[in-house]
Amino acid sequence: MALDTENRDILMAVAAASIRHGLSHGRPLPVSAADYVEELRSYRATFVTLERHGDLRGCIGTLEAVRPLVEDVAHNAFAAAFSDPRFPPLAAAELEGLALHLSILSPPEALPVVSEADLLRQMRPGIDGLILSDRGRRGTFLPSVWESLPSPAQFLHHLKLKAGLPADYWSDTLQISRYTAESFGGPLPPES
């Protein structure tokens, strides 16, 4: 069920506040789900993506729902800003030009396939996020990645590389799940 504009705005404000709180306190904004409407208290998995002037600046999330939605957003916004191993911790000077993108994931569902060709036929470009795992390695791409990798073959090959597997890898033990995501975002909301 899609969030209304008011609840989207609340989540954007919580994410921004968690990043600002992290700059001054070194930890995520403490959030109590009990202070929010039922829709924001439901357990949902989220990803928070940060971009600065159009370039990726951090992306962290959870694939399984482990906490209430509003708390997950606060946690992942902080983690995207300060704990993404691909980037140094965000500096206060970087707040200008920072954009937030929130993705609220559906529960993943196993996608039974018999071959790579079968998987490519079942993939839904622009709709599916995929989780691929095998031999202790795992990777995921959010549905928004289709914007830069529009063909199923490109999407899958890059996902294998992200998981630390060769692009041409295939195994009978490969596990694939798919999910959808409600995504929204924009410039970092001002302090409230």
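A helix here is a DSSP run of H or I, at least four residues long, numbered from the N terminus. With that in hand, let's start. This is a predicted model.

First stop, Arg20. Arg20 sits in helix 1, which covers residues 5-25. What is the nearest side chain of opposite charge to Arg20? That is Glu191, 4.1 Å away. A salt bridge needs a side-chain nitrogen of Lys or Arg within 4 Å of a carboxyl oxygen. So Arg20 is buried and has no salt bridge. Beyond its neighbours within four places in sequence, Arg20 is in contact with Leu95, Leu188, Pro189, Pro190 and Glu191.

Next, strand 3, residues 98-105. Seven of its eight residues are buried, so strand 3 is largely enclosed by the rest of the structure. Which strands pair with it? Strand 1, residues 45-52, pairs with strand 3 antiparallel, over eight bridges. There, Arg52 has Leu98 of strand 3 as its bridge partner. Strand 8, residues 181-187, also runs antiparallel to strand 3, joined by seven bridges. There, Leu102 is bridged to Phe184 of strand 8.

Four strands make it up, in the order 4-7-5-6, with antiparallel pairing. Strand 4 (109-110) and strand 6 (137-141) are at the edges; each has a single partner strand, so one side of each lacks a neighbour in the sheet. Strand 4 pairs with strand 7, residues 175-179, through two antiparallel bridges. Ala110 stands opposite Ser177 in strand 7. Helix 5, residues 152-162, packs on this sheet. Helix 5 touches strand 5 (129-134) and strand 6, and its direction makes about 135 degrees with that of strand 6.

How values were computed
Residues numbered from 1 in each chain as written. Predicted model: local features only at pLDDT ≥ 70, side-chain atom pairs only at ≥ 80, totals over all residues. Heavy atoms only, no water. Buried < 20%, exposed > 50% of the residue type's maximum accessible area, 1.4 Å probe, protein only. Lys, Arg positive; Asp, Glu negative; His and termini not counted. Contact = heavy atoms within 4.5 Å. Pairing = 2+ DSSP bridges. Axes fitted to C-alpha atoms, helices over the stretch in contact; angles between N-to-C directions.
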